[in-house]
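Trainee: I would like to go through the charged pairs here. Can we take them one by one?

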Amino acid sequence: MAAAGGGYVEMLRTRHAARLLTGTLVGRLPNATAALALVLFVRAEGGSYALAGALSAAYGVANAVGQPLLGRAVDLYGQPRVLLPSALLAGIGMAAFAVFGTGSLVVAYATVIVSGFFTPPLEGGLRALWPSVLKSEERLHAAYSLDAIAQEVMYVVGPLIVTALVWCWSEAGSLYVLAALGVLGALAVVTSPPSRTWRSAPREAHWLGALRSRGLLVLLGAFFFIGSALGSIAVAAVAYGDGHGGGGVASYLLSALGVGALIGGSVYGARQWAGTPEQRLRVLVAGLAVCYAPLVIQPGPVGMTVLAGVAGVFLAPSLATAFVVVDRHAPQGTVTEAFSWLVTSFGVGASIGAAVVGPAVQYNGSGAGFAVAVCGGAAALVVLLLGRRVLRAPAAASTVVAGSEAEPVVPQETAVAQ
C-alpha cells in the first residue's frame, strides 16, 4: 500500500499532469457555478425566482444535450478543434446574457442555451488523456481518484468564488469573470502537447456511438439514480434546515457531505484495491446506499451533520471507479463521448431528483426527502446487480493513441456494415 497521498504526488509530478488537471478545473468553473450565478443575476435584474429557475433549467438541459455531442466531435476531430471553439461560444453566450439581461426573454433564453450547449466537455477530454499521459495503472488510479476529489472541492469552492465576485464587483461581473475563466481553462488544456497530439482510436461508424455498449448503458442507468439521490439530498437538506435553525444548517449538511466525499476519495486513491473495477463499483455503490439510510432518522443538527459526512464517504470512490469502468466498456474510438454521457446521466438524474423530492418534502416533510435519496441509492445498486453479467466481460478497452503533432486530425470513422 502506498503511503497516504504518495500516489497523488507521484501522479502530479508526471509531466503535464498538474497543468491538465488545473486547466480542466478552471475551465469547468462556469458549469459548476452557473446555476447560482444565473439566479443571482436574474434577481439583481428584478426578475422572479420562477424566471431564474427556468433560465437555470434551460442552461442545464442545453448542457446535458451538448456534452455527449461535443464529446463525439472531440473523438472525431481532436481536442483543440472542438474544445477551444466551444469554450469561446459558451463564454460569448454567458457574457451576452450579462450584457442584455432579461429585458428580452427570447434573447435571455437564447444566450443561456448557447452557453449551456457549447460548454466544452473538458471532463471527458481530461479522462481520455490520462492513459496516454500517465502510462501507469497506479498513477491512473490516483488520477481518477484525485479527479473525483477535485470535483467535490470545485462544487464547494465554486459558490464561494461567485459570492466573492458579486461582493467585489457585481452579479454581471461574476458572469464576465466566469466566461473568461472558461476560455482560459480550455486554452490551457488545448495548448498542451498531450491535447494537441492526442488521437482517438479509429471507430466503427454507428449512429449510437458510445451508447451501443450495453455495459456503458448499465453504468449510465446506475449513475442516473446516484445523481437523483444527490439532487434530492440538496432539497431535503434545505427543508431540514428550515425546521432546525434556518439555512445555515442546510449549508453545514451539504458541506459535511462534501467533506465526507473528500475523505473517502483520499483514502480510496491512496492504495490499490483487489478485484475488478466492476466488482468494486458494486461494493462502493452498496456502501453509498447503506450510508444514505440513516439520514431518514433526522437527529439534531450536530448528529445530522455527522450522518451527512458519513453519507458522502463512498461518493468520490464510486465516481473514481466509474471512470475506470467507462474506459473499459466504451466502444473503440468513443472514450470522450462515453465520459460525457456519464456527466450527462449524473446531471440529469440530479435535476430530476430535485424535481421529484419537492412534492415529497412539501407534503411529508424533510424525512420523506431523505427517503427519496435512499431509494435512489438502492435503485443504483439494483441496476448494477441486474447488469452484473453485462459488466463482467467488457468489450476491448478503448485505446488512446498519440499521433504525430504535425499529423492533421481527420474524422476517423471506418464504415462497418450494420
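**Charged pairs across helices**

Mentor: Start with Arg72. This is a predicted model. At 22% relative accessibility, Arg72 counts as partly exposed.

Trainee: Which side chain does Arg72 meet in a salt bridge?

Mentor: The cut-off is a side-chain nitrogen within 4 Å of a carboxyl oxygen. Here the N to O distance is 3.0 Å. The partner of Arg72 is Glu337.

Trainee: How far apart in sequence are the parts that this pair ties together?

Mentor: Arg72 sits in helix α3 (residues 49-77). Glu337 sits in helix α15 (residues 335-364). The pair therefore links parts whose separation in sequence is 265 residues.

Trainee: Is Glu337 buried or exposed?

Mentor: Buried means under 20% relative accessible area. Glu337 has a value of 1%. So Glu337 is buried.

Trainee: Which helices hold Glu123 and Arg28?

Mentor: Their side chains meet at 3.5 Å, N to O. The pair ties together parts 95 residues apart in sequence, because Glu123 lies in α6 (residues 122-134) and Arg28 in α2 (residues 17-44). The helices are α6 and α2.

Trainee: What is the relative accessibility of Arg28?

Mentor: Take its partner first. Glu123 is buried, with a relative accessible area of 10%. Arg28 also counts as buried. Its relative accessibility is 6%.

Trainee: Which residue forms a salt bridge with Arg328?

Mentor: The closest N and O atoms are 2.8 Å apart. Arg328 lies in helix α14 (residues 315-329) and its partner in helix α12, so the pair ties together parts 50 residues apart in sequence. The partner is Glu278.

Trainee: Is Glu278 buried or exposed?

Mentor: Arg328 is partly exposed, at 26% relative accessible area. Glu278 has a relative accessible area of 3%. The cut-off for buried is under 20%. Glu278 is therefore buried.

Trainee: How many Å apart in space are Arg271 and Glu138, C-alpha to C-alpha?

Mentor: In sequence, Arg271 and Glu138 are 133 residues apart. In space, their C-alpha to C-alpha distance is 8.4 Å.

Note on methods:
Residues numbered from 1 in each chain as written. Predicted model: local features only at pLDDT ≥ 70, side-chain atom pairs only at ≥ 80, totals over all residues. Heavy atoms only, no water. Helix = DSSP H or I, 4+ residues; strand = E, 2+ residues; numbered from the N terminus. Buried < 20%, exposed > 50% of the residue type's maximum accessible area, 1.4 Å probe, protein only.
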